[in-house]
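Visitor: Please pick one part of this model and go through it closely. I would like the cut-offs stated along the way.

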Amino acid sequence: MAVTGSTGGLGGRIARRLAERGVPQRLVVRDPARAPELPGATVVAADYGDGEAMRAALAGVGTLLLVSASETEDRVARHLSAVEAAAAAGVEHVVYVSFYGAAPDATFTLARHHWRTEEAVRATGAGFTFLRDSLYQDVLPYFVGPDGVIRGPAGDGRCGFVARDDIADVAVAVLLEPAAHNGRTYSLTGPETLTFHEVATELGAQSGHPVTYQAETLAEAYASRASYGAPDWMVEGWVTSYAAVATGELDGTTDDVARVAGRAPQSFAEYLRRNPAELNRIRALT
Ligand SMILES: NC(=O)c1ccc[n+]([C@@H]2O[C@H](COP(=O)([O-])OP(=O)(O)OC[C@H]3O[C@@H](n4cnc5c(N)ncnc54)[C@H](OP(=O)(O)O)[C@@H]3O)[C@@H](O)[C@H]2O)c1
């Protein structure tokens with residue numbers, strides 16, 4: 001079994017869980033010096049965009065966990081390169097970390113990348129399982145600006161934010177028994193949907209620092225991010241992640257975490273209670 005993304009938040013959680021269960025794994029990383037040291041794990045270096053290195057890294061691998069790449073302008077090309085390499089190496093089953101509601105015309109531009117990658121995986125003829133994650137609960141404390149305000153064009157829309165720990169438990173269940181999950185697409189959400197007003201209220205209640213949400217228009221959202229100096233595709237990704245909440249595309253919960261991981265997903269309030277250090281940034285705001 002090969003696991004990508006182990007130097008990151010989600011892949012690291014999955015690799016640690018597999019190691020705790022005594023599962024041998026090959027960690028495919030860009031920088032071996034940053035790979036986690038885990039019993040039963042070997043480390044190989046490859047970037048998704050380097051087809052030759054990926055093919056060599058995946059030689060003899062039966063099941064691959066493919067964590068979606070960091071956001072870059074050529075992200076889809078890197079994903080497609082990794083998928084092609086997996087097929088060339090004879091990988092039998094790809095577990096791909098996708099996004100809730102991935103579609104060619106999704107409002108959230110990065111969800112379109114996920115759809116294209118899913119299509120490429122399907123086209124290889126290999127076995128597959130797609131984990132379509134909602135927005136992470138884990139990132140919400142970092143949406144709060146220095147003035148204690150979350151700003152975005154999400155209107156009063158709702159989203160089924162999910163914790164990376166829950167996604168990791170689902171991924172491990174799938175990786176341990178890929179044939180049982182072959183051809184399945186799981187939409188991974190928390191147990192409830194929340195508006196950004198409700199997210200702000202929870203962050204305020206648990207941090208002790210007032211947090212509010214201010215809905216922006218699309219034009220205001222682009223204008224308020226114009227000074228960051230970020231490339232257009234990146235700003236569009238930020239803005240449209242909120243806009244997809246406004247359209248209702250992220251409004252929904254499923255029982256896929258419970259069915260696959262065997263336990264209920266945690267709520268955002270539970271997530272914050274279990275990870276209080278994630279609120280330190282907000283507590284430190286003046
Ligand atoms: N649903 C959401 O709300 C949400 C939020 C943020 C991100 N995401 C997506 O979910 C993915 C996993 O989340 P995370 O929290 O684990 O992100 P993360 O902590 O940034 O980890 C990303 C991992 O992917 C690896 N990676 C990135 N690009 C790569 C490439 N071109 N070739 C090989 N490895 C590559 C990174 O390696 P390095 O350490 O070498 O960079 C890192 O190990 C992210 O990469 C992103 O696509 C989703």
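Guide: Helices and strands here are DSSP runs numbered from the N terminus, with at least four residues of type H or I for a helix and at least two of type E for a strand. The model is predicted, so to speak of local features requires pLDDT of at least 70 and side-chain atom pairs count only at pLDDT 80 or more, while totals for chains, interfaces and linings use all residues. Residues are numbered from 1 along each chain as its sequence is written, and side-chain values use heavy atoms, with hydrogens and water left out.

The ligand is surrounded by 22 residues, and the closest are Thr7, Leu10, Ser68, Arg75 and Arg164. Helix 1 (9-20) and helix 3 (75-89) each contribute at least two residues to this shell. Sorted by class, the shell holds eight nonpolar, seven polar and seven charged residues. In this scheme Ala, Val, Leu, Ile, Met, Phe, Trp, Tyr, Cys and Pro are nonpolar, Asp, Glu, Lys and Arg are charged, and the others, Gly among them, are polar.

An N or O backbone atom of Tyr136 lies 2.8 Å from an oxygen atom of the ligand. Taken alone, the ligand exposes 890 Å², and the protein buries 82% of that; accessible areas come from the Shrake-Rupley method with a 1.4 Å probe.

Helix 3 leads on to the largest cavity, where it gives the most to the lining, with three residues. A cavity is a set of points, on a 1 Å grid over the protein atoms alone, where a 1.4 Å probe fits but cannot get out; lining residues have an atom within 4 Å of a point. Grid points are joined across faces, edges and corners, and a volume is the space filled by probe spheres set on the points. The count comes to one cavity of 30 Å³ or more, and the largest has a volume of about 30 Å³. Val83, Ala86, Ala87, Val91, Val94, Thr124 and Ala126 form its lining. By class, that lining has six nonpolar, one polar and no charged residues.

Methods:
Near = heavy atom within 4 Å. Polar contact = N/O pair within 3.5 Å; in protein donor to acceptor, adjacent residues only side chain to side chain. 1 Å grid on protein atoms, 1.4 Å probe; cavity = no way out; pocket = protein on both sides within 12 Å on 5 of 7 lines; lining within 4 Å.
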